[in-house]
Amino acid sequence: MAMRKVTLKINHELFGGLLLIGIGAYAYYHGQQYAFGSLVRMGPGFLPQVLSVMLCAMGGILTVTSQLKPSSSIDLQLGQVLIVAVSMVLFALLLRPAGLFTAAFVGVVISSWADRQITWLGRIILALVVAALASLIFIVGLGMNMPLWWG
């Protein structure tokens with residue numbers, strides 16, 4: 001089956017900058033429901049709001065500087081985009097019942113199918129490393145209450 005290929009002429013930095021501004025604005029909006037506090041006594045909303053403002057600022061800088069560069073064309077293969085989207089949906093669906101390690105492992109293996117050059121051994125190693133790091137960061141480091149495995 002032949003993959004559909006779409007050629008788009010875009011400015012990568014402009015798109016990335018606008019995406020960062022959007023994510024930062026969304027995070028700032030939702031971070032306002034928590035008390036901000038002060039530098040001496042930080043509230044639960046302090047870090048999310050400060051980081052979201054910094055994200056918006058970086059996005060703004062990237063957006064402005066992107067106008068100094070010419071646009072380039074990219075080949076967007078719809079099949080690869082679909083594979084990555086399916087992997088994200090599978091991760092979300094598997095997170096609670098299967099646990100973080102399992103969901104991250106499956107998500108990385110599925111999304112790695114979008115790269116035709118990676119071998120199966122490379123996929124498995126990448127999935128194990130990402131799943132282990134995600135588990136260490138979110139469950140051990142941050143103490144988030146989520147299952148690690150099935151059950």
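Colleague: Which helix does Ser66 lie in?
Modeller: Ser66 lies in helix α2. Please keep in mind that this is a predicted model.

Colleague: Is Ser66 buried or exposed, and why?
Modeller: Ser66 is buried, because its relative accessible area is 1%, and buried means under 20%.

Colleague: Which residues does Ser66 touch?
Modeller: Leaving aside residues up to four places away in sequence, Ser66 touches Asn11, Glu13 and Leu14.

Colleague: And what about polar contacts of the Ser66 side chain?
Modeller: The side chains of Ser66 and Gln67 are joined by a polar contact of 3.2 Å.

Colleague: Let us turn to Ser52. Where is its place?
Modeller: Ser52 is in helix α2, which covers residues 46-66.

Colleague: Does Ser52 count as buried or exposed, and why?
Modeller: Ser52 counts as buried because its relative accessibility is 2%, and the limit for buried is under 20%.

Colleague: Which backbone oxygen does the side chain of Ser52 reach?
Modeller: The side chain of Ser52 reaches the backbone oxygen of Gln49, at 2.8 Å.

Colleague: What does Ser52 touch?
Modeller: With residues up to four places away in sequence not counted, Ser52 touches Gly24, Ala27 and Tyr28.

Colleague: A change of topic: how is the protein chain divided into domains?
Modeller: The protein chain has domain 1, residues 7-71, and domain 2, residues 77-142. The C-alpha centres of domain 1 and domain 2 are 26 Å apart.

Colleague: Where does Leu90 lie?
Modeller: Leu90 belongs to helix α3, residues 78-98.

Colleague: How many residues apart in sequence are Leu90 and Ala103?
Modeller: Leu90 and Ala103 are 13 residues apart in sequence, and their C-alpha atoms are 7.5 Å apart in space.

Colleague: Finally, at what angle do the axes of helices α4 and α5 cross?
Modeller: The axes of helix α4, residues 100-111, and helix α5, residues 120-141, cross at roughly 145° and come within 8 Å. The crossing of α4 and α5 is right-handed.

Colleague: How do the residues of the contact of α4 with α5 divide?
Modeller: In the contact of α4 with α5 there are 17 nonpolar residues, one polar residue and one charged residue.

Key:
Residues are numbered from 1 along each chain as its sequence is written. This is a predicted model: local features need pLDDT of at least 70, side-chain atom pairs count only at pLDDT 80 or more; totals for chains, interfaces and linings use all residues. Side-chain values use heavy atoms; hydrogens and water are left out. Axes are lines fitted to C-alpha atoms, for helices over the stretch in contact, and angles run from 0 to 180 degrees between N-to-C directions. Helices (H or I, at least four residues) and strands (E, at least two) are DSSP runs, numbered from the N terminus. A crossing is left-handed if the near helix is turned anticlockwise from the far one by less than a right angle, and right-handed if clockwise. Ala, Val, Leu, Ile, Met, Phe, Trp, Tyr, Cys and Pro count as nonpolar, Asp, Glu, Lys and Arg as charged, and the others, Gly among them, as polar. Domain bounds come from an automatic or database domain assignment. Buried means under 20% relative accessible area, exposed over 50%, partly exposed in between (1.4 Å probe, protein chains only). A polar contact is a pair of N or O atoms within 3.5 Å; within protein, one must be able to donate a hydrogen and the other to accept it, and residues adjacent in sequence count only if both atoms are side-chain atoms. Contact means heavy atoms within 4.5 Å.
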